[in-house]
Amino acid sequence: MIVQTAPDGAPRFVIPMSAHMALAEQFARAFGNDAFEQVANDEIHYIIANHDAGWRDLDAEYRIDPDTGFPYNLTETPFEFVERTSKGSPDFNEAHHPLSGLLSSMHTWGLYNGRYGLSDIVLLDKVGDQNKPRAEAMLAHEEARQARLKQDLSKDPASAPYAEDDRLMQAYKLLQFCDTLALYFNRIHEGAREPSVFPAVPMTATEDVDVTVTPEGDGVYAVSPWPFAGDRLTVSFDGRYMEPVADGRKTNPEAATIDVETQSVILRKAS
């Protein structure tokens, strides 16, 4: 789950990972123009639309963080639960296609290791000492998966280019851009979002650029340089406005009965 920030005392918008992934997919489908090469590959779009698929069962449980009374929020989720999502997402995507599985495995490994140098957030540093051996074993498993899937891709002429570093990292960087841009809107409520820079957005297989998103008010955000088709893009994502539950509750299955609502934003090409 993603528990969006909110003004003091206000309900908080709680977003399942399925809605987060759907927002990331909207960015992926719109990506590409004269300056930014479109990554027109079904398997890449599939992984972006399913990059956190391993969270589905956990989200359905509505496990409650005793410190907040809300569902656990992303990195505050205990490792015992996150461990199964970290492996579950690559398992899910590999079942679809080796390229989807490879990028999903890279996404898992990257989250624990600063997104291959694209981020200064290293989840492995936040794993408790008692869980470090399990985390390291899980990451070693993902490294072995990646080596195996690269070999599988290299045997297929249609997918062989994505076994090479440049094309593979172009796809990975697109996934990270769509993921982090979705998180920018998911995690922070309207009115508290600040200008943000998204590093290494791929223009081609060998060129990338930092993209800046600047709030302009009334749900409009200027983007420079502009990586999408057209001059404007409207996107939306679903969630439920929730209040904290009483102390002592470990789950809140009743949350599934709360009405689903939608937040929308407009991105425009900066002047």
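Mentor: Let us begin with accessibility: a residue is called buried under 20% relative accessible area, exposed over 50%, and partly exposed in between, using a 1.4 Å probe and protein chains only. The model is predicted, so local features need pLDDT of at least 70 and side-chain atom pairs count only at pLDDT 80 or more, while totals for chains, interfaces and linings use all residues. Residues are numbered from 1 along each chain as its sequence is written, and side-chain values use heavy atoms, with hydrogens and water left out.

By that scale, Asp-218 is exposed because its relative accessibility is 79%. Asp-218 sits in the loop between strand S4 (208-217) and S5; helices (H or I, at least four residues) and strands (E, at least two) are DSSP runs, numbered from the N terminus. Although Asp-218 is not a glycine, its phi is positive, at about 55°.

Leu-74 also has a positive phi, near 45°, and is a residue other than glycine. Leu-74 lies in the loop between H3 and H4. With a relative accessible area of 12%, Leu-74 counts as buried.

Arg-63 belongs to the loop between helix H3 (56-61) and helix H4 (79-96). Its relative accessibility is 28%, so Arg-63 is partly exposed. Contact means heavy atoms within 4.5 Å. Not counting residues up to four places away in sequence, Arg-63 touches Leu-58, Phe-70, Pro-71, Tyr-72, Phe-81, Lys-250 and Thr-251. The side chains of Arg-63 and Glu-61 are joined by a polar contact of 2.6 Å. Such a contact is a pair of N or O atoms within 3.5 Å; within protein, one must be able to donate a hydrogen and the other to accept it, and residues adjacent in sequence count only if both atoms are side-chain atoms. Pro-253 is 190 residues from Arg-63 along the chain, yet their C-alpha atoms are separated by 8.4 Å.

A further loop, between strand S5 (220-224) and strand S6 (232-242), holds Pro-225. The peptide bond that joins Ser-224 and Pro-225 is cis, with omega about -10°.

Finally, consider the interior. A nonpolar core is a set of buried Ala, Val, Leu, Ile, Met, Phe, Trp, Tyr and Cys residues joined through side-chain atoms within 4.5 Å. The largest such core has 64 residues, and Phe-27, Phe-185, Phe-228 and Leu-267 have the most contacts inside it. Helix H8 (residues 165-187) gives the largest share of this core, 12 residues. Apart from it lies another core, of 7 residues, including Phe-70.
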